[in-house]
Every structure is written in C-alpha cells, then in structure tokens.
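Please read the points below with the model open beside you.

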Amino acid sequence: MMSNQSILIMEPFNGTFFLVTAFYISILIIASLILKDKSDEVKGKVIIAACLITLAVFVLYKYNLSLDEEYNMERAHMGGFNWWGELPLHLCNINLILIPLGLSLKKKSLMNFCFIVAPLGAMMAILMPGKEFSGFSILIPRMIGYYGTHYTIVIAGLALATFGLCRPKFKDIIPTTGTLLLITFFIFLFNVLLRATGIYSRANYFFVMETEGNPLLEIFHSWIPYPGLYILPCTLILIAYMLLITLLFKIIDKNSDKDR
C-alpha cells in the first residue's frame with residue numbers, strides 16, 4: 001500500500017495544487033448559495049466563526065511544527081521553532097484577527113482592507129512556499145496546517161465581498177495602501193523590539209527584516225538592500241491588484257444592474 005507521505009504531493013501549479021484550490025473555491029460557492037438569502041449579520045457570524053476556528057487550528061498547527069523534527073532541521077539557520085516567531089502577525093494570517101474585528105465593529109474600511117490584503121497575502125504564501133512546505137504530501141500534518149490556514153484566509157477574505165458585506169471602490173485604494181504601510185511600519189518596529197531585547201533575534205514578521213529566500217523579495221532586496229525599505233515595491237503590486245479587483249467588481253455590479 002502506498003504511504004500517505006508519497007501521494008498528493010503539493011507544489012505550486014501541480015495537480016494537487018489545482019485540486020485543493022478547486023476544493024476551497026467550491027466551499028466559497030456553496031456557502032454563497034446557502035447564505036444568499038440570509039441577513040448580513042448571519043453572513044458575518046459565519047465568516048467570524050470560520051476565522052476563529054481557523055485561528056484555533058493555526059495554534060494546533062504551530063504546536064505540531066514545534067515537534068516536527070524535519071521542519072526544525074530545515075529552519076535550523078533561523079534558530080528552529082520559536083513561538084515568538086510563529087504568532088499570527090504575518091501579512092496573511094493577521095487577517096484571522098482583523099476580519100472578525102472589522103465585522104464585529106462593522107467597520108467597512110477595515111473589511112475592505114481585509115478583502116484586498118487577505119487573499120493576496122495568503123495566495124503569495126501558497127504560490128511561494130518555503131522549502132519545508134513544498135514537495136511533500138498534502139496529507140501530512142505540517143502541510144494540512146499550512147495550506148488549510150492559508151486557503152481559509154483566502155476564502156474568508158473573498159467572502160467579505162461575495163457575501164455582499166463590502167465592495168471595493170477606487171476611492172479605497174489610497175487609504176488601503178496607507179493602512180498597509182502603517183501596519184507594516186509597526187510590524188517592523190515589533191521585529192526590531194524582539195531582536196533588540198533578545199526575545200527572538202530572528203524576528204521577521206511581514207518579511208521586512210530578511211527575505212528568507214523569497215524570490216520576489218530577493219529581487220527587491222537587490223534593488224534596495226536595506227531592511228524594511230526593500231518591501232516598498234510590494235505596494236506597486238498591491239495597487240495593481242486593487243485596481244484590477246475593483247475594476248472587475250465594478251463591471252460585475254454594472255452588469256447586475258442591467259439584468260434587473
């Protein structure tokens with residue numbers, strides 16, 4: 001019998017990748033149909049529940065990583081597993097906190113921010129995983145935790161718009177970019193604090209201190225070889241992404257109005 005370790009190998013754009021992606025898209029479509037006639041309050045509670053459950057799974061997944069010898073060997077150059085380096089404060093998983101906060105406070109601006117940033121940040125992690133998360137079976141705990149949390153973040157972010165709780169607008173592009181830069185600045189300071197105090201000398205949330213081999217960030221670092229600053233070109237990607245998504249939703253809404 002074939003071992004789970006050797007089946008359904010997960011790598012960007014292979015068969016397993018498309019299978020898993022289709023599975024999560026199907027969840028979003030089914031949820032949208034089921035909740036179509038429900039109130040915004042019910043839809044919001046469903047998204048909040050999904051985020052909080054995923055946050056609990058995230059903690060269990062990180063605990064499993066702390067015991068994963070293979071993972072710790074791969075991360076030896078970063079000091080191995082350290083809880084101070086595994087908090088939900090990266091660009092993608094910080095949305096497990098921000099999405100429920102935005103929905104609970106009914107802050108449209110925060111929801112729009114999460115709709116833009118959550119899918120983009122999580123998909124970047126899915127498409128550019130570290131060596132310890134690529135080339136292994138999707139069925140092993142480490143891979144289930146990594147891809148399960150990131151795909152759920154993508155779906156939760158998209159659900160904000162597909163459920164009709166927020167809609168991206170061109171006027172939101174500048175405030176969203178400014179909010180991201182502000183959050184990035186505070187995350188940079190948090191990294192500096194952890195490193196300066198010796199709590200965690202390799203703190204690297206938002207990857208603003210080290211590229212950790214990320215091919216895109218390596219290119220930016222070659223242009224701007226300074227911690228914190230080499231991340232700035234990412235704002236151009238964010239702006240292009242926001243323009244595209246906002247345009248698509250504007251076209252969808254315009255066609256919907258014509259059909260009425």
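1. Axes here are lines fitted to C-alpha atoms, for helices over the stretch in contact, and angles run from 0 to 180 degrees between N-to-C directions. Helices (H or I, at least four residues) are DSSP runs, numbered from the N terminus. This is a predicted model, in which local features need pLDDT of at least 70 and side-chain atom pairs count only at pLDDT 80 or more, while totals for chains, interfaces and linings use all residues. Residues are numbered from 1 along each chain as its sequence is written, and side-chain values use heavy atoms, with hydrogens and water left out.

2. The axes of H4 and H6 come within 10 Å of each other and cross at roughly 25 degrees. That makes H4 roughly parallel to H6, because angles under 35 degrees count as roughly parallel, whereas those over 145 count as roughly antiparallel. Contact (heavy atoms within 4.5 Å) joins Asn 95, Leu 96, Ile 99 and Leu 103 of H4 to Ile 153, Ala 156, Gly 157 and Leu 160 of H6. These residues divide into six nonpolar, two polar and no charged, where Ala, Val, Leu, Ile, Met, Phe, Trp, Tyr, Cys and Pro count as nonpolar, Asp, Glu, Lys and Arg as charged, and the others, Gly among them, as polar.

3. Helix H2 (residues 40–67) and helix H6 (residues 141–162) pack at an angle of about 160 degrees, with axes 9 Å apart, and that makes H2 roughly antiparallel to H6. On the H2 side the contact includes Ile 47, Cys 51 and Thr 54, and on the H6 side it includes Gly 145, Tyr 146 and Thr 149. By class, this contact of H2 with H6 has 11 nonpolar, five polar and one charged residues.

4. How do H2 and H4 lie, roughly parallel or roughly antiparallel? Their axes come within 9 Å and cross at roughly 155 degrees, which makes H2 roughly antiparallel to H4. Among the H2 residues that meet H4 are Ile 47, Cys 51 and Thr 54, and their partners in H4 include Leu 96, Ile 99 and Leu 103.

5. Asn 112, Ile 116, Pro 168, Lys 169, Asp 172, Ile 173, Thr 176, Met 242 and Thr 246 line the largest cavity, a cavity being a set of points on a 1 Å grid over the protein atoms alone where a 1.4 Å probe fits but cannot get out, and lining residues having an atom within 4 Å of a point. By class, this lining has four nonpolar, three polar and two charged residues.

How values were computed:
Helices (H or I, at least four residues) and strands (E, at least two) are DSSP runs, numbered from the N terminus. Angles under 35 degrees count as roughly parallel, over 145 as roughly antiparallel, 65 to 115 as roughly perpendicular and the rest as oblique. On a 1 Å grid over the protein atoms alone, a cavity is a set of points where a 1.4 Å probe fits but cannot get out, and a pocket is an open set with protein on both sides within 12 Å along at least five of seven lines; lining residues have an atom within 4 Å of a point.
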